[in-house]
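Reader: I am new to this structure. Please walk me through the terms and show how each one is applied.

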Amino acid sequence: MNEEAKIRQFAEVAKTIFAPAYPAVARQIINTLGIRQGMALEVGTGPGLLAYELVKQSELRVFALDNKFKALVLAKEILHEKGADFYRLYLCCGNALNLPFPNHTFDLVCSRGSFFFWQDKIKGLKEVYRVLRPGGRAMIGGGFGKKEIKEEIRVKIKTVYPDWEERVAKRRREFSQEKLYQLALKAGIQNPTIIYDEVNMWIVFTK
Ligand SMILES: C[S@@+](CC[C@H](N)C(=O)[O-])C[C@H]1O[C@@H](n2cnc3c(N)ncnc32)[C@H](O)[C@@H]1O
């Protein structure tokens, strides 16, 4: 399968099987960070559905960034169909390892399901820290919002990605709670909190 086909396949999965996770994860991010207005950045937006929910559930202006231009073209189509508020949702192309924003720009930075693919995770975390405003907060990692949602996804996704469960288990072995904590410390982040249970793998921090 070529890259474009993979992007289309993931977008389809996101729109259908992953769909219930996005409102729940957006709510979790907003409530955990306690930030409902100002400037937000979502890194690795893919089909843009988390950014869409963040805009819907808050007064935030959300920059939704991905390094795959084709994913963003598709995201634009999907979000247009959903009637997204493009006055508060901006799609942008860029790399997590070299974010195209000045220092101290965002009140909130989040990233779901993308961090694990960043080639240099420490550099990516440093970049997130750099673009946060003093007092700004970030939540980087992955999750499904609720146990029931993850279970629903686990059952349905087998038809599309038969090895999904195995990949999730491998990721959890590779990125233990301690490993996430150490990565954050190595990025120079002070007092990171790790939210880690069967549905969550998040690094949370404040600048
Ligand atoms: C599994 S998808 C998750 C998409 C979305 N966050 C979601 O939860 O539906 C991972 C996304 O991260 C993007 N990504 C991976 N590495 C990246 C990087 N270094 N910079 C920006 N985006 C990246 C990929 O292009 C892909 O769209």
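**Strands, burial and salt bridges**

Author: Strand 5 (residues 132–143) and strand 7 pair in the antiparallel sense, over seven bridges. This is a predicted model: local features need pLDDT of at least 70, side-chain atom pairs count only at pLDDT 80 or more, and totals for chains, interfaces and linings use all residues. Residues are numbered from 1 along each chain as its sequence is written, and side-chain values use heavy atoms, with hydrogens and water left out.

Reader: What makes strand 5 and strand 7 a pair?

Author: Two strands pair if DSSP finds at least two bridges between them. Strands 5 and 7 have seven, so they pair. Gly 141 stands opposite Trp 202 in strand 7.

Reader: Why is Asp 107 called buried?

Author: Buried means under 20% relative accessible area, exposed over 50%, partly exposed in between (1.4 Å probe, protein chains only). Asp 107 has 18%, so it is buried.

Reader: What makes the contact of Asp 107 and Arg 133 a salt bridge?

Author: The term asks for a side-chain nitrogen of Lys or Arg within 4 Å of a carboxyl oxygen of Asp or Glu. Here N to O is 3.0 Å, so the pair counts. The pair links distant parts of the chain: Asp 107 lies in strand 4 (residues 106–112) and Arg 133 in strand 5, 26 residues apart.

Reader: How many salt bridges does this rule give?

Author: The count is eight.

Technical notes
Helix = DSSP H or I, 4+ residues; strand = E, 2+ residues; numbered from the N terminus.
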